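Dear colleague,

I am handing over the structure that I have been looking through, and my notes on it follow below. Please keep it open beside this message while you read.

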Amino acid sequence: MGISCELGFLNMAAPLSVEVEFGGGAELLFDGVKKHQVTLPGQEEPWVIRDLLVWIKKNLLKERPELFIQGDSVRPGILVLINDADWELLGELDYQLQDQDSILFISTLHGG
């Protein structure tokens with residue numbers, strides 16, 4: 001049941017609970033923590049991966065953002081899986097997050 005716009009309230013989407021996981025060395029940018037269970041706050045527009053990346057940068061990323069984010073996306077060499085499917089098959093940055101989604105970021109870049 002939405003709240004009437006006549007009252008001046010916005011029709012907000014409910015908060016989402018998602019699991020965000022980092023691997024392949026990417027977890028080192030997040031204080032070594034691989035799995036994060038996060039609750040994304042309700043907002044007027046549905047959450048998409050593009051929004052999630054901004055939220056991750058602001059709330060989880062601890063160091064060297066240039067190794068994880070490039071522009072408004074992840075850096076090349078970071079594989080993104082949404083519920084075990086390659087994000088390229090799901091719309092990449094425009095994928096609309098669902099409650100209980102699992103998003104995995106795996107770095108494929110390794111020093112030698």
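Two strands are said to pair if DSSP finds at least two bridges between them, and helices (H or I, at least four residues) and strands (E, at least two) are DSSP runs, numbered from the N terminus. This is a predicted model, in which local features need pLDDT of at least 70 and side-chain atom pairs count only at pLDDT 80 or more, while totals for chains, interfaces and linings use all residues. Residues are numbered from 1 along each chain as its sequence is written, and side-chain values use heavy atoms, with hydrogens and water left out.

The sheet comes first. It is an open sheet of 5 strands in the order β2-β1-β7-β5-β6, with mixed pairing. The edges are taken by β2 and β6, each of which has a single partner strand, so one side of each is left without a neighbour in the sheet.

Strand β5 (residues 78–82) has 4 of its 5 residues buried (under 20% relative accessible area, with exposed meaning over 50% and partly exposed in between, for a 1.4 Å probe and protein chains only), so β5 is largely enclosed by the rest of the structure. On one side, β5 is joined by 5 bridges to strand β7 (residues 102–107), the two running antiparallel, and Leu 79 stands opposite Ile 106 in β7. With strand β6 (residues 85–86), β5 pairs in the antiparallel sense over 2 bridges, and here Ile 82 stands opposite Ala 85. These two strands, β5 and β6, form a hairpin with 2 residues between them, and Asn 83 in the turn has a positive phi of about 50°.

Turning to the other end of the strand order, strand β1 (residues 16–23) pairs with β2 in the antiparallel sense over 6 bridges, and Glu 21 has Lys 35 in β2 as its bridge partner.

His 36 belongs to strand β2 (residues 35–40), and its relative accessibility of 13% means that His 36 counts as buried. Leaving aside neighbours within four places in sequence, His 36 is in contact (heavy atoms within 4.5 Å) with Val 18, Glu 19, Val 20, Phe 22, Phe 30 and Leu 60. Of these, Leu 60 is 24 residues from His 36 in sequence, and the C-alpha to C-alpha distance between them is 8.8 Å. The side chain of His 36 also reaches the backbone oxygen of Val 33 at 3.2 Å.

With best regards

How values were computed
A polar contact is a pair of N or O atoms within 3.5 Å; within protein, one must be able to donate a hydrogen and the other to accept it, and residues adjacent in sequence count only if both atoms are side-chain atoms.
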